[in-house]
Amino acid sequence: MTADRLDAAKTIAREAGALALAFFRDISGLDIKSKGAQDMVSNADLEVETFVRAKLAAQFPEDGIVGEEHANVASKSGWTWVIDPIDGTANFVRGIPQWCVILACVQDDTTKVAAIFEPCTDEMFWGGLGQGAFVNDAKLTVASTEGLHDGSVGVGMNGRTAAHMASAMVADLSNRGGIFFRNASGGLMLSYVAAGRLIGYTEPHMNAWDCLAGQLLISEAGGKIEQQSATKMLAEGGRVVAASPDIFDELLAMSEVAYKA
């Protein structure tokens, strides 16, 4: 049932956030390794994901699990959990309080459940398909804007795509009177779009554990997202464009141009 999994996602994300926060308060003791350019992993990431997997396996033993740090578990129930134990690890290991725990759950090629918990602010962004999106107990609604000049747009980048893509997007956005925002956590920036704090978000490629939850929240908050197969995103990742309906078409067109190989 979706309701059972939504309740579990919120509870487990909060518990995992508390565990991660304990590591964050003692970052001098972290064991940090590099997975690539601007892509780090710590023992905190590994232990938090292990914790989440154990909780999910205990409550939903037939469900699949896809996570950033450990091997996938095939689904026997038709439901698959998608985990990012600490999104924004580069911030986390440097003591910057901009990171989150992300849980999503997919069924029938569609994301049905989302929970994104930011422990440093005690904000739980959550929602279910057809049930709305919320931060703690407050209902979320995307921003109403007159154009790109009327708010900030999150612009993501990563080591998997060409550097010129992000710079081309930022240049075009600036030329149109817009302002770009980046905090090194795609999950949080998508949550901020759902909350109306950002008017949009764009990135040439995101992994499923970074974006599925946030995309559901934006859609449930009245925003527009680029329609994609959740199954394909789990396998390959893909481009993410999401925004207030007022600017979505323009941001999508800009992304088409900026993200050409």
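This is a predicted model: local features need pLDDT of at least 70, side-chain atom pairs count only at pLDDT 80 or more; totals for chains, interfaces and linings use all residues.
Trainee: Why is strand β14 (residues 238-243) called largely enclosed?

Mentor: A residue is buried when its relative accessible area is under 20%. In β14, six of the six residues are buried, and the strand is therefore largely enclosed by the rest of the structure.

Trainee: What makes helix α5 largely enclosed?

Mentor: Nine of the nine residues of α5 are buried, so the rest of the structure largely encloses this helix. The buried residues are Gly186, Gly187, Leu188, Met189, Leu190, Ser191, Tyr192, Val193 and Ala194. After α5 comes Gly196, with a positive phi near 80 degrees.

Trainee: How do helix α5 (residues 186-194) and helix α6 (residues 208-220) lie relative to each other, and why is that term used?

Mentor: Their axes come within 8 Å and cross at roughly 5 degrees. Angles under 35 degrees count as roughly parallel, so α5 is roughly parallel to α6. On the α5 side, the contact is made by Gly186, Gly187, Leu190, Ser191, Val193 and Ala194. The α6 side supplies Asp210, Cys211, Gly214, Gln215, Leu217 and Ile218. By class, this contact has six nonpolar, five polar and one charged residues.

Trainee: Which term describes helix α1 (residues 2-24) against helix α2 (residues 43-59), and why?

Mentor: The axes of α1 and α2 come within 10 Å and cross at roughly 155 degrees. Angles over 145 degrees count as roughly antiparallel, so α1 is roughly antiparallel to α2. The crossing of α1 and α2 is right-handed.

Trainee: Which residues make the contact between α1 and α2?

Mentor: From α1 they are Ala8, Ile12, Glu15, Ala16, Leu19, Ala20 and Phe23. From α2 they are Asn43, Ala44, Glu47, Val48, Phe51, Val52, Lys55, Leu56 and Gln59. By class, the contact of α1 with α2 has eleven nonpolar, two polar and three charged residues.

Key
Residues are numbered from 1 along each chain as its sequence is written. Side-chain values use heavy atoms; hydrogens and water are left out. Axes are lines fitted to C-alpha atoms, for helices over the stretch in contact, and angles run from 0 to 180 degrees between N-to-C directions. Helices (H or I, at least four residues) and strands (E, at least two) are DSSP runs, numbered from the N terminus. Angles under 35 degrees count as roughly parallel, over 145 as roughly antiparallel, 65 to 115 as roughly perpendicular and the rest as oblique. Contact means heavy atoms within 4.5 Å. Ala, Val, Leu, Ile, Met, Phe, Trp, Tyr, Cys and Pro count as nonpolar, Asp, Glu, Lys and Arg as charged, and the others, Gly among them, as polar. A crossing is left-handed if the near helix is turned anticlockwise from the far one by less than a right angle, and right-handed if clockwise. Buried means under 20% relative accessible area, exposed over 50%, partly exposed in between (1.4 Å probe, protein chains only).
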